[in-house]
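Work through these exercises with the model open beside you. Try each task before you read its solution.

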Amino acid sequence: MSNPPGASKAQVGAAYIRERINSGDWPVGEAIPKEPELMEILSVGRSTVREAVRSLASLGILETQKGVGTFVNSRTPVPNVLVETYASFDPGEILVFRRALEVEAARQATMKATPEQIDGLKASFEATRALKEGQLGNSYMGQGAPGHFHNLIFEMAGAGPLSLSYSAAMTVINRGVRKGTIIQGSPPGTGKTDHLNIIAAIESGDPEHAARVMAEHIDHDLIPNPEETTP
């Protein structure tokens, strides 16, 4: 890990956390290690860890939920004004917006992805599967909200505004998942099959096919919690 000369311990800690996020070791949508573990990893005190986390939370990369933990929202900074604007909409509306973004990202990724990026998508799928089967770390939502796999598709799409909008929308959706206003709409194991189909569709080179496969996945992935819906 390379840090600029004169960087504070908190800046070094923040850089380390970002490095783990960017590598996919700490996926989007998942909890990062608790304070005591971060203190041990970084060989620093509690105040330094908190400062590092606060600095990344201010960028929208992390989000802390009191009494639950700190979660990865995005691999890149997300403007708070965009997040709060999206948060003003009902869960169903923001999920419709997510669908539109995901479908276009799949279409663009299919046209632009390199073989190396597709290999990276496959590696992300395997890592996520291992995580959800309990072989790695701790997943706060199991089958829950989209993470590193979907973010890679947006990076493959190569459209900055599309990725920025998605990161902000997913910040709101992740909040909804944690609060229970958004829930998983498909049986356990469906996501695994869907993601394999998405990889195959992107690899096929047919953008319209990839868009259809992604739409089918999104349509039964996350849904508003009927019990939380106001009549």
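**Exercise 1.** State what share of the protein's residues count as buried.

*Solution.* This is a predicted model. The protein has 231 residues, and 46% of them count as buried. The protein exposes about 11400 Å². Carbon and sulfur atoms supply 54% of that area.

**Exercise 2.** Count the helices and strands, then give their order.

*Solution.* Start with the count: 10 helices and four strands. Next, read along the sequence. The pattern is α-α-α-β-β-α-α-α-α-α-β-α-α-β.

**Exercise 3.** Decide whether helix α7 is largely enclosed, and explain why.

*Solution.* First, locate α7 at residues 148-157. Second, check burial, which means under 20% relative accessible area. Residues that pass include His148, Phe149, Leu152 and Met156. Finally, look just past its end. Glycine 158 follows α7 and has a positive phi, near 65°.

**Exercise 4.** Describe the surroundings of threonine 171.

*Solution.* Begin with its place: threonine 171 sits in helix α8, residues 160-179. Next, list its contacts. Leaving out residues up to four places away in sequence, threonine 171 touches Glu63, Asn73 and Val83. Take glutamate 63: it is 108 residues from threonine 171 in sequence, but their C-alpha atoms are 8.4 Å apart in space. A polar atom of the threonine 171 side chain lies 2.9 Å from the backbone oxygen of serine 167.

Conventions
Residues numbered from 1 in each chain as written. Predicted model: local features only at pLDDT ≥ 70, side-chain atom pairs only at ≥ 80, totals over all residues. Heavy atoms only, no water. Buried < 20%, exposed > 50% of the residue type's maximum accessible area, 1.4 Å probe, protein only. Helix = DSSP H or I, 4+ residues; strand = E, 2+ residues; numbered from the N terminus. Contact = heavy atoms within 4.5 Å. Polar contact = N/O pair within 3.5 Å; in protein donor to acceptor, adjacent residues only side chain to side chain. Areas by Shrake-Rupley, 256 points an atom, 1.4 Å probe, with all protein chains shown as cover.
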